[in-house]
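Hi there,

Here is the structure I promised to pass on to you. Have a look at it first, and then read my notes below.

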Amino acid sequence: MGILERIKQPRDLKTLNEQELKLLAQEIREEIIDVVSANGGHLAPNLGVVELTLAIHRVFDSPIDKLIWDVGHQTYVHKLLTGRQNEFKSLRLHNGLSGFPKRQESPHDCFETGHSSTSISAAVGFAKARDLLQEKFHVVAVIGDGAMSGGMAYEALNHAGHSKTNMIVILNDNEMSISHNVGALSTYLCRLRTDPRYARSKEEIEQLLKKIPRIGDKVAKAAERAKDSLKYLFVPGLWFEELGFTYLGPIDGHDQLLVEQTLEQAKQKKGPVLIHVITKKGKGYLPAEKNPDVFHGVGPFDKETGAILKKSTVPTYTQVFGETLCRLAEENPKITAITAAMPSGTGLNLFAKRFPDRFFDVGIAEQHAVTFASALAFGGMKPVVSIYSTFYQRAFDQVLHDVCLPKSNVVLAIDRAGVVGDDGPTHHGIFDISFLRVIPNLVFMAPKDENELQHMLYTALRQEGPVALRYPRSVGQGVALDENFKELPIGQAEVLREGKDLTLIGTGPLVYTCLEAAEELRQGGVEAAVINLRFLKPLDKETILHYAYLTKRMITVEDHILAGGMGSAVLETLADAGLKDVGIECIGYESFVEQGSISLLQRENGLSVEGILQAAERLKILHRVREGRNRG
C-alpha cells in the first residue's frame, strides 16, 4: 500500500516523518499526472502546490479551520488529502468530482471558487463571523500571484488590514522573475522579524532612548527613520505591512518543513499575516515545468511525452478570431487588442507577437480592461476586448456605464459563450445574452460558423458605437473561409430554409442543429423554416413576425439560459405585436449547468435534433414526423 492510500483525512498527515512526506509528494504528483492526462484539467498549478498543500493540512485542522483557495483550480492536492481519493479518477467528468472547490462535495470545501481574486474577501468574512460568534479557529486564504492583479484582492487587503482581523493570507508566487528574492538574506530577515524577541527589543530600545533628557525623542525619531529606510531597501513586503499585514517571506514553497515553520509562526501573530511563498508551476513533471502556460489548463495528453492529444484539425472559433483580427490589424493601424490575463486562451497571442505595441494584457482586471478600452476608443483607436463570457460578468457596470452609455467605439469579443464543458458551472458562458441585450446602444452578434465569425468581426470594426460578438469554445463547423471579408447588414437575420409548418430559430452553431432537425421533420412531412438569427440586438422583428404569421408554430434554440435569453426576446416580439395564437417552445438552460462534455450537456438540455423533435411534439405536430419515420 502506498502512503497516499493511507491518507483518509488530513489528520493522518501528522503521523508521517520527513521521508514519508517526500514519498507522499511524489505519489500525489504521479496521481495528478495520471488523471489529468486522461481527463484534462489544470496540471501545472497543482503540481506547483503539492508541498504547500501538505504543509497547510499538517499545520491547520480542516474543516474546523477554514481553508479558502483562490480561483480554485489548484485544489487537486487538497481533494486527494480530504477523503476524495477514490473519486479522483472522475475529476471533471460528468457527475464526477469538480475541478474546483464545491461545498456539496466535502466539508473541507468551505467556499466555492472558480473566478479570481475572491479568496481574501471570503477570508475576511469567515474571520468576522468567527469573531462575532466568539468562536476559535484559523482562517487561511491561498491566493496566486495572478489573482493578486485583480482589484477585489486589494479591496479585501485594505479592509483586513484596517480592521486588524486575525487571518492568514498565503501568496503563492510562481513567477520565476522574482525567484531571486529567495535567499539567505530574505530567510534571515523573515526569521528575525518573526522572532518575538525582535519586537520586544525594538520596544525596549525605543523606551530607553526616550528617557534620555532633551535629545532622547530626537534620537528615537532618527532611529525610526533609519530603520524605515533599511526596511524599504531590504524587506520586499513592506507594501503589505503598510496595509496592516505582518509580512513573512519570501520562502521556498517546496521546502515543506520551512513552510510548516512559517505557518506555525503565523498562527501566533495577532492581526492579519501575509506569507509569501515561491513555487514552480509544473514542479516534478518536465513538460509542465518547461511550458507552464500550455499545461496550466490542458486537455488529455500523452503523459510519457507530454504531447497534447488533438482530436480535430478543424480550427477553433478562438483561432479564427485571432487570425482574422491580425489580418484586419494589418490594414488598420488603429486596431488594438486587450485581454485580461488570457492572451493564449483568447487567441490574442498571435496579435501580441505581430503588433506588440497595440496589444495590452491588463492582468486579471476585467473592469479596468473595458474602461481602458473605452478611453482608447475616445482617443482615436479601435479597441477589441477579448474576455471569456463568464468573466465579462465582472465588468457589467463598465460595459453599461463606460462603453454603451457614451456610445464608445469598442468591440466586445465574448469567447467561451455557451457551455464550456468540464470546468463546470463557474465557467459556463450562459448568461451574456441576458445581461447584455438589456443595455441600449449595443449591437450584439452571434455567428453560426467560423466563416460568419470573420465577417462579423469585420462588420463590428466598421461600426460606430459598441458592438458585442459571442462565440463558443469549440472547434468550428469545418466550413471554408471566404478570402474576402464582407460587411453584414446590421440587424438582419438569415433565412436558411423555407417552410410553412414550423419555424426553427437558432443562434450560433446550434443553427446547424436546427438544419438537421428540419431535415428530419421534412421526412415526416413537416416543412420547417430555419432562421439564423445572427443579431441578438437589434432583433430582426420583421423576419420573426413574418414566419410567426406564416407557420403559427416556432421553436427557439440557444446555448444560453432561458431567462432573458434569445427565446425571451422572440416572445417579447410576439407579445408586442399582439400575437396570441402562435405556439412557441423555447429550448435552453433553466438553471446552473454542471460539468460534462459540451455535446452531452447540450443533449441533456434538449439542444439536439431529438430535443427539437420533442419540442415539435409538444406543439402537436411531431406525430406526423413519427408516423413518417415509421413508414420509412
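Leaving aside neighbours within four places in sequence, Thr336 is in contact (heavy atoms within 4.5 Å) with Phe351, Arg358, Phe360, Leu376, Met381, Lys382, Pro383 and Val384. Thr336 is found in strand β6, residues 335-339. Its relative accessibility is 2%, so Thr336 counts as buried (under 20% relative accessible area, with a 1.4 Å probe and protein chains only).

Please keep in mind that this is a predicted model, where local features need pLDDT of at least 70, side-chain atom pairs count only at pLDDT 80 or more, and totals for chains, interfaces and linings use all residues. Residues are numbered from 1 along each chain as its sequence is written, and side-chain values use heavy atoms, with hydrogens and water left out.

On to the helices (DSSP runs of H or I, at least four residues; strands are runs of E, at least two). Helix α6 (residues 119-132) packs with helix α7 (residues 151-163) at an angle of about 30°, their axes 8 Å apart. The axes are lines fitted to C-alpha atoms over the stretch in contact, and angles run from 0 to 180 degrees between N-to-C directions. That makes α6 roughly parallel to α7 (angles under 35 degrees). On the α6 side the contact is made by Ile120, Ser121, Val124 and Lys128, while α7 brings residues including Met152, Leu157 and His159.

I hope this gets you started!

Best wishes

How values were computed
Parallel < 35°, antiparallel > 145°, perpendicular 65-115°, else oblique. Buried < 20%, exposed > 50% of the residue type's maximum accessible area, 1.4 Å probe, protein only.
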